[in-house]
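The sequence and structure come first.

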Amino acid sequence: MNFFIGCAVWSYKGWVGDFYPQGTPPKDFLCLYSRRFTTVEGNTTFYALPSQETVKRWAAQTPPEFKFCLKLSRNITHNGSLKPYIKDALKFAEIMRPLDTRLAPIFAQLPPSYTPSSIGDLTAFIEAWQQTQLPLAIEVRHRDWFKQPHADKLTNLLQKFGVGKVILDSRPIYTGENDPQLGSERRKPQLPVLFELTAPFTLIRFISHPNLSVNQPFMEEWVTYIKEWLQSGTQIYFFVHCPQEESSPQTARSFYNLLEQRDIGVSPLPWNQNNHHPKQLSLW
């Protein structure tokens, strides 16, 4: 299976009564989530480093084929240079190892303050990461990374070490008359979308609009790229976000259905195989 789809989180109380059955306790969220989607971004590790015992529980609650794409701690990525925090990054990798087959590419989200002038620092960090022998992806947010010659320098660096490039697509939430981020604490950046690969895998972060029709033209475009990339053997992790998180599961399902309608050849989602539990699948 080379295509995985999911959301940014699993522990969202607003999904109870829809995505999760009414009355579901938080301790059961991950188990139920992993029986519906095939991957999760796991934003929780960005804000707090879990214990290895907690990571072992995550593994015990999920099927072996389920994938975690965990975000490096902000204490590593958001304190200026990366080099002083290499030791912490290596520790992060070790803590996540109990996930075993469930551990997908870990990714580093770099803040807008991290500019192309830090490419030497980024190179040192990536070189040090190689000793983990774990896949890594990088997300950049300073606009100069998307301009020449910096864009090519970044691409060449990532290709050299087989590091993936996280593709952030926030176009839907900047389309239309209504701003879905009015109630959001953190606005998503409005950056160019570069449809390119730097590794045998890619992470796509699709920042969706709560109005499904607004997302439609962008999802149609993604269908074309996903079809092409899957045919070339690329492993794809597709994450649906939304400023109004209640909408994320439904949007992810709609996109998956679109892929099936276009005969892309993606594997069935767990909910299609577990539809004999109607109370737990009320959303679908």
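The text below goes through salt bridges, then cores, then a pair of helices.

The model is predicted: local features need pLDDT of at least 70, side-chain atom pairs count only at pLDDT 80 or more, and totals for chains, interfaces and linings use all residues. Residues are numbered from 1 along each chain as its sequence is written, and side-chain values use heavy atoms, with hydrogens and water left out.

**Salt bridges**

Side chains of opposite charge can pair when their charged atoms come close. A salt bridge here is a side-chain nitrogen of Lys or Arg within 4 Å of a carboxyl oxygen of Asp or Glu. The search of the whole structure gives 11 of them.

| Lysine 27 | Aspartate 28 | 3.3 Å |

Burial is given by relative accessible area: buried is under 20%, exposed over 50%, and partly exposed in between (1.4 Å probe, protein chains only). Arginine 141 is buried at 13%, and glutamate 139 is buried at 0%. Glutamate 139 and arginine 141 also belong to a network of salt bridges that links Glu41, Glu139, Arg141 and Arg205.

Lysine 165 is in strand E6 (residues 164-169) and glutamate 196 in the loop between E6 and strand E7 (201-207), so the pair ties together parts 31 residues apart in sequence. Helices (H or I, at least four residues) and strands (E, at least two) are DSSP runs, numbered from the N terminus. Lysine 165 is buried at 10%, while glutamate 196 is partly exposed at 24%.

**Nonpolar cores**

A nonpolar core is a set of buried Ala, Val, Leu, Ile, Met, Phe, Trp, Tyr and Cys residues joined through side-chain atoms within 4.5 Å. The largest has 76 residues, of which Phe3, Tyr33, Leu122, Ile138, Phe238 and Phe255 touch the most other members. A second, separate core of 11 residues includes Cys69, Phe201, Leu203 and Phe239.

**Helices H8 and H9**

Contact means heavy atoms within 4.5 Å. Residues in H8 that meet H9 include Met219, Trp222, Val223 and Ile226, and those on the H9 side include Phe255 and Leu258. Apart from neighbours within four places in sequence, phenylalanine 255 contacts Phe3, Ile5, Met219, Trp222, Val223, Ile226 and Phe238.
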